[in-house]
Amino acid sequence: MDGSNPVSRRSLLHGMGAFGALAYLPFLQACKGGSKEGAAGAAAEPVADVWARYKGTTINFISENTPPSAAIAANLKPFEDLTGIKVNISQMELTKLVEKVSLDFSSGQAGFHVIYADPYQVLAPFSEGLVDLSKFLDKKDSVPALENGLSDFISTQLDAGGRFLDRQKLYALPYDTPTMIWHYRADLFEKHKDKMAHDLGFDATPSIQLTWEQYYAIARWFDKNAKSEIPYGTGHQAKQHDALMCDFSNVLWAYGGDYFQAGPELGLTGTKKPGKSTLSSNEAIAAAEYYNKLLKLAHPGSRTWDWDGVASAFQAGQIAMCPNWHEFAASNEKALPGKVGYAPLPKGPKRSANMWGGTGVGINANASDKEQAAAWLFINWATSPATQFMTLASEKGGGTPTRHSVYARPEVEAAKKRPSQLPNILAAEAVSEAWKPENIGLRPKVATWNQLDTILFTQVSRMLAGELKPDEAMRSSAEKFDVVNKV
Amino acid sequence: MRRDRPTSRSAPITVAGVLALFVLVWTLAPVVWMVVSSFKPTPAIKTASPTWLFAPTLEHYRDLIGAGNDVRPFAQNSLLAAGLSTVLAVGLGALGGYGLAHWHHKSKKHLAFWIISTRMAPIAAVILPLFILFRQLGLIDSIAGLTLAYLSFNLPFAIWLMSAFFADVPPSLEEAARVDGCSRWQAFWYVVLPTTTPGLVTTGVLCLVFSWNDYAFASSFSGPGSQTLPMAAGRLITQGGVDWGQLTALGTIIVLPMIFAGLAVRRWLVTGLTMGAVTGE
Amino acid sequence: MKRAIPSFEMRMMLPALLVLASLSLIPFVTLIVMSFSHVKLMGGIRFENAGLENWHRLLEDADVRSSWVTSLVYFALTLGIEMALGIVFALVLHRVVRGRNLLLALAIVPMFMAPIVVGLLGRFLTDSTLGLYAWALRILGFEGDLLAGKTSALFTVIGMDVWEWTPLVALVTFAGLSAVPAPLVEAAAVDGAGYFQTLRYIVFPQIRQVLLVALLVRAMDAIRFFDIITITTNGGPADATKIIPVRLYETAFRFRELGYASVIGILMLAFSILMANAFVRVLGEKGLTR
């Protein structure tokens, strides 16, 4: 966190930068010569050498208030020891982050050097503001390479989280990968298993085999039969906020609706011209009708909750189940040890859709070359297998790895069962099911997404408030989408 | 201070007492709850029904100063930006206020109108062009930028308020000084200005309060190097839940200094807040 | 005594006026230019001429219109409630004899709190899981969440603003009450007038100007701040609390349409200039109660 010595810090930094650049030149020559010799001889020196080049630089990292960032913020010492670079981490809610990043890019100066680049709200709208990381991937000898190379990253996540429009350019390294899945109170489901099966006519144990209609029936059952144990059956993130779009999209896709016609390319690489919106289709309207019905049954606080709010309510024992990001597993485990189960979201007439919310970390193109290189060192370290394992195991809540090599570790395998040293892995089975191409939910990656997102969650919010009928909400959304996209 | 003469109607006075109690409870309950909660251990805050008895703890305040979470740089920035802006506003405002009070010209009303309209400008509208300007001048993410932004509402306020105070200084005072051989400036500096000390203090305190409490400007113009205290609250909303313990502690830290400062100039508060339109105690 | 320009008074004002001019005139002109442009910020500021496009868009934008309506409703309700409650508080406090000073000091505490803290405190109190007020309402039988419904959310944020600023109105009104000459009130008592009669025929006419000042001072700030809404509902639910400043901020900094946002900004400025006009007209150049 920064703010220290504001007036002098900046001038100090500029002074240091200038001085450093000058003092640096002779060493650069020596280094270049040195590494050539090093490569020829034993390669013992270059590793530390290449990490420690930017000693004394300070960089600023802006991130959403996610568990991996919390874990890294609490554990920066290894990086600082390795590189001598000071990192100031600013964490905030996603909406605020998007605003701040927008302001920062617009300011022409690089206030933040490392940027948490949400693929939809930051990467797609602001891709010109991010550095194409290929330049660091190619510069083998002056910056450290990625451990295990680019292929260690799960490829769909590399594409979805790191690229936009151009498959040759990489704007961000996959950093975290939260996915929306079904959280439920396994203890309560276990306790009432037989009675529920009897009353409902089906096995209520959450799984991908259940349908959204059955989800509704289960919620209603809890409301009627278990009020004393748990106030409400279901709760949702239905605030007039990006969270509502996330929650609604799962239902939208499950019913066969979608935002635009284009196929999976739209979610992976993105597009400049998405075409006309398909939100006015019958499937989309059916989804909206169901969602409206579901929210009438849900905990009344749902309309004031974003994902943090619904997680708090779930952890406080206010709701029996909810769709939410799997990264809350660690804090769930802290609040309700051993009581929480996970499953992929139920399916609709078309399929089960599980919203993917992964993000990469990128570098601000307004930063100076030195700062960019220092930033590269940081994002390299922050997404390395060792760090990803560290955040997974961290007490601060833990992220989820985006690298194959981390999942392959025996400790990670073992953690899938309780008692788990790595609580976030408890959701791993559900999450890996959710990541299958037929189950994953990817929203459109388009430059106008911030406006489209706002339109969608405003119209759905109006529907939930009773101001619009479901079909009106969907049709008006489609119309407004087309106005923004100029089709 | 006027006192009601004791009348034969004792009943309404008791009614007033009860009503006054309601007013107090309505006004102070949230503040008291916030301060109390800042001393509660987190599990005691998160309960569905309020906890009245608990073991007080300083952990939230300690966490606010803890490594990686330190609010002290934020406090420093707040103090710098608010303080600098206040000093500039009061300084320029005293000079300007004196000038305005004694300027007799047909355009005076227009000038006064222009000054007050700058004070009334909606912050959201002002942020836009100021952002562009600050960007060009490299003032984003700087205390200087924040200081100037605060000056945009503190300065007109200070000019207007100080002019009201100066208008109340008897002209004979200044005349006597001039007769004694003082130049106009000396008369101003050594004779007139000291009599408006309450005005200077009140203006200073109010400017400080308005700047310290600002969120919109800070949110738009500050960067990692210049975040102020109100911005610190955003960090405490994490995906592990909102840290209400630290938030209430932070809230307490933000409001307490301003409450004390405001109460210190209570005597001239009405004059200050109405910019001289109403004088009262 | 007339002197050649620049007079001493003029020279005293000049520094302040120059600074003020640069902080207000330049931004004002910039705002106007922006309203006729498409503003590009990434990679250097560029203003591309857009003619009347932004203005034209305003005419067709139903969302901005509804934000204006919401703003006016919010404005009228907060002011109205603050005035009414403020007068009542002042009357109550004025009636009390012992400890009046202390009471007044305590009653004005909310005024000095940062609006953002008031908003967060409001969230803390109305949170359906752990809020004190939410709990109290549950006991009284109210089950929903205050910030979830359109009307209740609007009234809740109004309530927070009212809580913070009613003390200001109360304080100013109290000063006005203190200035009512005691002989007038006593004469009315001797004539047998009751409390409310005295209020209506003697006190209110005396404090009318003061009330007007309080109204205008509050009106001036009511259109400036939007921190409370930003930190609680951020415009929702269903745009019920999306007052104009919130929409402007979103248009400018989330959608990056600065040209269009400038148009909205100019309209807001026009509104505030109307208010300023009223203020100056009522006040003249000097104080009222002396």
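I looked up Ile115(A) and found that Ile115(A) stands opposite Gly362(A) in β10(A). I note that the model is predicted, that local features need pLDDT of at least 70, that side-chain atom pairs count only at pLDDT 80 or more, and that totals for chains, interfaces and linings use all residues. Residues are numbered from 1 along each chain as its sequence is written, while chains are lettered from A and ligands numbered from 1 in the order in which they are written.

**Strand β10 of chain A**

Two strands pair if DSSP finds at least two bridges between them. Strand β3 (residues 114–117) of chain A pairs with β10(A) in the antiparallel sense over 4 bridges. Strand β4 (residues 172–176) of chain A is also antiparallel to β10(A), over 4 bridges. Here Ala172(A) has Gly362(A) as its bridge partner.

Is β10(A) mostly covered or open? I found 5 of the 5 residues in β10(A) (359–363) buried, where buried means that 20 or more other C-beta atoms, placed from the backbone, lie within 10 Å of a residue's own. Thr359(A), Val361(A) and Ile363(A) point one way, and Gly360(A) and Gly362(A) the other. In a regular strand the side chains alternate between the two faces of the sheet.

**The sheet**

I traced an open, mixed sheet of 5 strands in chain A, in the order β2-β1-β3-β10-β4. Its edge strands are β2 (86–92) and β4, each pairing on one side only. The twist averages 25° from one strand to the next, with axes fitted as lines to C-alpha atoms (for helices over the stretch in contact) and angles running from 0 to 180 degrees between N-to-C directions.

I then looked at β1 (residues 58–64) of chain A, which pairs with β2(A) in the parallel sense over 7 bridges. In β2(A), Ser90(A) is the bridge partner of Ile62(A). Helix α5 (residues 94–107) of chain A packs on the sheet and touches β1, β2 and β3 of chain A, a contact being two residues with C-beta atoms, placed from the backbone, within 7 Å. The direction of α5(A) makes about 135° with that of β1(A). Helix α6 (residues 119–126) of chain A touches β3, β4 and β10 of chain A, and its direction makes about 115° with that of β3(A).

Methods: Buried ≥ 20, exposed ≤ 12 C-beta atoms within 10 Å, placed from the backbone. Helix = DSSP H or I, 4+ residues; strand = E, 2+ residues; numbered from the N terminus.
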